[in-house]
Amino acid sequence: MTRTNRMVKWYGNHPSFCMMAYGNEPSGKQVEYLTKFVDYWKAKDPRRLYTGAAVGGSWPVILNNEYMARAGARGLAWNQRPESYSDYSKQIAQFNVPFVAHEMGQYCAFPDFKEIRKYTGIYKAKNFELFQEDLQDHGMADEAEKFLMASGKLQALCYKHEIEKAMRTPGYSGFQLLSLNDYPGQGTALVGVLNAFWDSKGYITARQFARFCNATVPLIRTEKFVYQNNETLKAQVELFNYSKPMTTAMNWKLTDAQHKVISEGVLDKKSYVMGNCQQAGVISVALSKIKSPVKLNLEVAVPNTQYVNDWDFWVYPANLPAVKTDVYYTTSLDDKAKEVLNNGGKVFLNASGKVIKGKEIIQSFTPVFWNTSWFKMRPPHTLGFVCDPKHPAFNDFPTSSYSEIQWWDILSNVQVMHLEDFPATFRPVIQPIDTWFMNRRLALLFEVRVGKGSLMVSSADLSPTTGEDRPAAKQLYYSILKYMSSPQFKPADSISMETVDDLFKTASKEVFVSYTNGAPDELKPKNIKK
């Protein structure tokens with residue numbers, strides 16, 4: 001308490017000092033001490049609002065808090081199809097004081113090894129040096145920058161959607177990030193969009209970040225981001241506004257990858273006060289004129305201001321033409337598949353659910369939380385993936401070189417393959433990015449020559465019977481099948497039948513060892529008092 005009094009003595013009159021917490025995630029007799037702490041300061045200096053501490057969801061609630069700074073109303077529910085309709089209303093309903101989210105996000109990106117040379121004083125980035133050396137030992141040093149950019153794009157996407165979810169929650173009073181920069185401690189937590197020096201890592205700019213994190217932000221509520229061309233894209237527009245009251249007619253435009261305008265419009269002119277969840281209008285665009293798979297971008301702007309935001313959508317044909325093909329489709333490397341390959345034929349192996357070598361590695365759409373070392377390899381273990389968007393397997397499946405939302409129904413609950421016995425120079429078509437503590441060479445989709453034949457192996461569930469509920473998976477399989485049926489399908493690498501088959505028979509030789517029996521507070525068993 002002495003130090004807090006000294007702090008208030010010197011800084012108590014500063015106009016920005018309007019809220020105060022005891023600290024971050026305290027231990028000990030929290031309820032007894034922090035209740036007295038809040039009561040003391042409410043009586044002594046009522047000029048500001050007080051709370052016991054900023055805490056995770058497992059810490060006890062201090063009942064006399066004047067605002068809550070805690071977890072519980074954060075995170076993305078992307079175990080289900082991504083949308084922008086839901087909010088955190090249910091999670092904050094139990095509190096009758098303002099709620100501020102504690103340490104939102106904490107999504108990781110791969111290390112930026114260019115940061116090593118910034119340590120010119122007494123400190124050295126030994127952690128990064130070890131990670132870089134390990135990546136090199138696994139034969140992937142040349143992919144470090146690709147891993148950084150791809151994982152960073154996914155990190156930024158997740159922060160965007162979580163921040164927007166907070167902004168569209170009625171009664172939500174704010175959020176805090178751990179920081180905008182990386183946290184070098186507790187195992188190396190690369191959760192920032194900036195590095196430890198507060199410098200850009202290159203995958204998102206301040207202007208791009210400000211589109212979804214600003215005093216005023218246009219928002220949409222939509223049930224999905226992936227459509228078929230027999231549907232209508234619908235989005236309910238609203239305004240998060242804490243800059244100043246305004247009267248304006250917001251405008252919007254839907255463009256394709258070449259920036260050609262597909263549709264555009266102006267919403268009704270309205271007056272917007274200070275607050276969120278202010279309804280602006282509805283956007284509705286029939287997609288029947290779109291005949292080929294496309295990526296679209298919906299931009300909503302407050303005219304004559306800096307306030308503009310945007311979202312990517314994907315549209316696929318509802319009905320795909322049959323592909324005339326000699327490709328043998330199978331769900332196991334059975335005798336028929338081996339015969340086809342030995343005779344110079346083509347095989348597509350849907351290995352979903354059959355992977356043994358890599359079974360322990362959990363891939364989800366969202367990336368590593370905090371880091372896998374501190375949380376003792378709590379899943380997920382990956383940071384998105386990399387691919388070459390110009391690879392002919394993607395000719396009918398528009399994609400960037402990194403994870404975007406259309407990949408969700410492909411990546412959700414998917415297995416990855418651990419290519420530890422493949423040549424060090426081998427690169428799969430779709431390569432998940434492993435946690436930087438392990439740097440295992442992984443694959444979601446790869447192509448190889450086996451014997452006289454050509455083989456495509458997918459650990460994602462891609463098949464000719466993929467349903468309408470998985471439009472991206474359906475489209476990706478179609479695109480791959482067209483590629484395999486063309487003269488372009490000529491895999492460059494030869495791999496033995498035994499090496500491929502071993503992916504489905506033998507466990508990984510390289511596995512995670514924590515080297516400690518200890519655990520952070522978040523993983524320790526909770527003492528339940530009756």
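How many of the 14 residues of α9 are buried? In this predicted model, the count is 13 of the 14, so helix α9 is largely enclosed by the rest of the structure. Buried here denotes under 20% relative accessible area.

The length of this helix can also be checked. Helix α9 covers residues 471-484, and at 1.5 Å a residue its 14 residues should span 20 Å. The end C-alpha atoms of α9 lie 20 Å apart, which agrees with that expectation.

Attention now turns to a sheet. Five strands, in the order β8-β16-β15-β11-β12, make up an open sheet with mixed pairing. Its edges are formed by β8 (226-228) and β12 (261-266), each of which pairs on one side only. From one strand to the next, the twist averages 20°.

| Strand pair | Direction | Bridges |
|---|---|---|
| β15 (residues 294-301) and β16 (residues 308-316) | antiparallel | 8 bridges |
| β11 (residues 251-255) and β12 | antiparallel | 5 bridges |

Opposite Val300 stands Asn309 in β16. For Leu254, the bridge partner is Ser263 in β12.

Technical notes. Residues are numbered from 1 along each chain as its sequence is written. This is a predicted model: local features need pLDDT of at least 70, side-chain atom pairs count only at pLDDT 80 or more; totals for chains, interfaces and linings use all residues. Side-chain values use heavy atoms; hydrogens and water are left out. Two strands pair if DSSP finds at least two bridges between them. Helices (H or I, at least four residues) and strands (E, at least two) are DSSP runs, numbered from the N terminus. Axes are lines fitted to C-alpha atoms, for helices over the stretch in contact, and angles run from 0 to 180 degrees between N-to-C directions. The expected span of a helix is 1.5 Å times one less than its number of residues. Buried means under 20% relative accessible area, exposed over 50%, partly exposed in between (1.4 Å probe, protein chains only).
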